[in-house]
Amino acid sequence: MHEELADFAVNYAVGKGADYAEARAEHSEGTAFSMKNGVLHAAGFEKEDGIGIRVIVGGAMQFVSTNELSKKVLRGMIDSAVRAARKSARVAARIDLSDAPLEKARYEVKQRVRSGEVDSRGKIEELFDIESELKEGKVSIPARFFSLSDEVVYKYFSNSQGCRISSVIPYVGFHSLITICEGGQTAQRSIQLDETGGWEIVKGWDLPSRILGEAKTLSNNLKCGKPAPKCRVDVVAAPEVVGIAMHESVGHPYEADRILGREAAQAGESFMTPEMIGKRMAEEFVNVVDDPGVPGSAGYFLFDDEGVKARRKYLIKDGVINELLHNRETAFSLKTISNGSARAMDYQCEPIVRMSNTFLLPGELSEEEIIDDVKLGVYIKSFMEWNIDDKRVNERYVGCESYLIKNGEMTHPVKKPVLETTTFDFFSSIKAVGDKVGYHSGTCGKGEPMQGVPVWMGGPTIKLGRIRLG
Amino acid sequence: MGDTMDFALLEKILRRARELGADDVVAIGEEVRGWQVKFVNNRIATGMSSYDNEISLFVSKEKRIGVTTIKEFSRRNVEESVSKLLRFTKKMQPNEEYAGIAEGPFRYKVVKGVYDGRIGKLEDRATDFIEEGVNAALAEGAKRASGVLRYGMKEELLVTSNDARSSERSSDMYFSIRALADKDASGHKVCCSTTLRNFSPEKTGARAGRIAKMALNPVRGDIGRYDVIFDPYPLANLLNITMDSASAFAVEAGFSFLRGKLGKKTASSAVTLVDDGRLPHCLSSSKCDSEGVPTRRNVVIERGILKTYLHNTSTAKRYGVKTTGNAGLLSPKPWNAVLSRGDYGEKELFDEVKRGLYITNLWYTRFQNYEKGDFSTIPRDGIFLIEKGELTKSLKEIRLSDNMLRMLLNIAALSKKQEQIVGWEVEIPVITPHVLVKGVRVTKPT
């Protein structure tokens, strides 16, 4: 790692007149493989080193990054950054950072089986095993795309206030798209799995039977599925659907930088205002958190990319809007302190306010008890198409695996039920919350240049009362 | 081996890979300098600059394929990376679809207007551009404006084991501004260029500001089927997806609604859609693809008929055609999407609409089924009701929920004037006029 170089950059920037300086040195390495229709399409490995530096001079902020790790290059870039900050201070909005405790820490997510030590032949076997299982499964899947990757990210953060954080976080990921054909119709399913840890996680995914199971379910949906009822019905949403709703309609609008307008020309702004804290959104059994500390999660970290200690944030507590997501800049603007939500995709990106793992906390009912209580409803287990407006109000989730519920019993599959609603209606419709949280993976996009960061989203199964499905 | 990225280094890497047993080798070096200034609520927020260089390396060995990127050019690291890549590749399974890389050498013609050395020396002019854009938006009625100014310079070198050798410099500029006249009234515009000529943040800011003012006091839109005029900015989002779908890789992997449509009607006869890697002044134009094949103009949809997919050497062989000069390091990729102009003036286009919508921006386009083309997308910023050719109301909270093929088939008219667009959700440059699409399905929360 480049700890000495990062410390050098911070000290050099301060010496040149920066009021604040921070450096994030990163080293990452990993492998990736993809398979298209049974053919190993691509295989490769990456090793990357780089450093990202932020300085504040007279209230103006500059960010520079490079993979040229020499003191000479860094000196030149920092000189330019300090000069540019000094010049722009006359026209720039003043940026201040909220106070943060001085942290010094070193942590590592352990790998029981180090991905870097697994032979690449063994890695591609995982993909060929899926293909073999699908061939045996007698489901028509004319198009299949799978990718499997692993990466270890070593990071060292240092700032002019004395903060020093070292971390080692290993990731594994599987992404896929399968196209199922049945009776002349097709359906598609995208599956994404991301976790932090070693290769033992990939083994635990049991990809062959998982993918075959999804394919059979979709085939059955095409064969036996009927349209959703036209009248208002109860909707029982499983963790995958709950998760995307928590991410899109709670996590994003609670990002303080959006609320302050910093994302206006990119991911948009928000229906939320700081004055809405304390307003009721849902019944008292609804609690939504963002928590980077979930072991094994894709959004795992103990200190954020500004060196602030991470913690669980209660975004909705007892049904009431409770807290926003902050980095040090937004926290200062809204007269609070950072709750450790600053993340950067990599050394080339500035840290901005991000989610980690956003989920609904469990209630007391089992999924069976929730379904038992439904006279006429639709159970939506998974989804494909979704979107939401840039203020995070008007949202749509189109079901993939779905079933009709009649008098507490699951009956036939339902084809593509469309849940098109608003954030306010969604939350006021939550009538029951299950007792078991399920997590799903996603890549969250925000910022410019676009930063995609790994996250989890989830929750238990919930019941939404009296919804009109499309 | 040296420690600077130049032809000598690329050729040494190539020779070393061949010595270690590689059949085909492609080495592409890139040196990139980039700058960005973000502005928020009329004020500069953060300045950014970056400097990176890397060599992307592709090798094949008995149809086994491996790739890596070398980012540190010390003799030791380069040797380790090349030898590791060969060891790694030899362990892979053969890719029976792989048919090699194109045979060089090639003669290249320079692509005009893709480099302007002044862009690397903008300095204070960057702040001026932002002030001009923001002030123009405010003068038109906006209360605040946010966005970015981005500019960069790139130098790219390519060598292949089949005797291709190319070098190219390019530059780019991009300005994105979202003007807000109220919480619910906004307009978003972009401008982009390869040179300082034709780059006008002031005009762009004014256009965003005008839309924001027109969008004041929106009412909720109604569901139904509407004739929709798409501004170039939102249409670029959909044409980017269309051209991505023309890659033979997307077709085979299930990501394309153009699968099985070669030679068939996939759009109205008013539509001719071209991928043109040699288009002067276009942000992605380049004289060759990643195999070193000279780029060319590919007519993908001609008067509504799908004529070709985009190919590299391997996919072209499977389809019994020649490469279209669209090779990426692993898969075919589009250079851009150019929708041919029509013969309508902008006013004439609006006059065609008795009752319809004018959409100025889209985002969050997501598919239920890529192969069928079923999708929805969300209009954002100014959305307007058109009645008898006039904009009569500002609307909000609607969604377009339709099918890509149906929409392409329902394109009824195109304007005369084209615009080059890139954006937050438009990754390849799209050159398009305003377009009228008949009968687009609009939904909203129930």
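In chain B, 14 residues of domain 1 touch 13 residues of domain 2, two residues being in contact if their C-beta atoms, placed from the backbone, lie within 7 Å. This is a predicted model, in which local features need pLDDT of at least 70 and side-chain atom pairs count only at pLDDT 80 or more, while totals for chains, interfaces and linings use all residues. Residues are numbered from 1 along each chain as its sequence is written, and chains are lettered from A and ligands numbered from 1 in the order in which they are written.

**Chain B**
- On the side of domain 1 of chain B that touches domain 2 of chain B, β5 (165-182) and β6 (185-193) of chain B each supply at least two residues; helices (H or I, at least four residues) and strands (E, at least two) are DSSP runs, numbered from the N terminus.
- β6(B) gives the most to that side, with seven residues.
- By class, that side has five nonpolar, six polar and three charged residues; Ala, Val, Leu, Ile, Met, Phe, Trp, Tyr, Cys and Pro count as nonpolar, Asp, Glu, Lys and Arg as charged, and the others, Gly among them, as polar.
- Domain 1 of chain B covers 124-153 + 172-213 and domain 2 covers 219-443, with bounds from an automatic or database domain assignment.
- The C-alpha centres of these two domains are 24 Å apart.

**Chain A**
- Chain A is divided into domain 1 (3-224) and domain 2 (232-468).
- Their C-alpha centres are separated by 22 Å.
- Domain 1 of chain A brings 38 residues to the contact and domain 2 of chain A brings 33.
- β7(A) provides the largest share of the domain 1 side, eight residues.
- That side divides into 15 nonpolar, 14 polar and nine charged residues.
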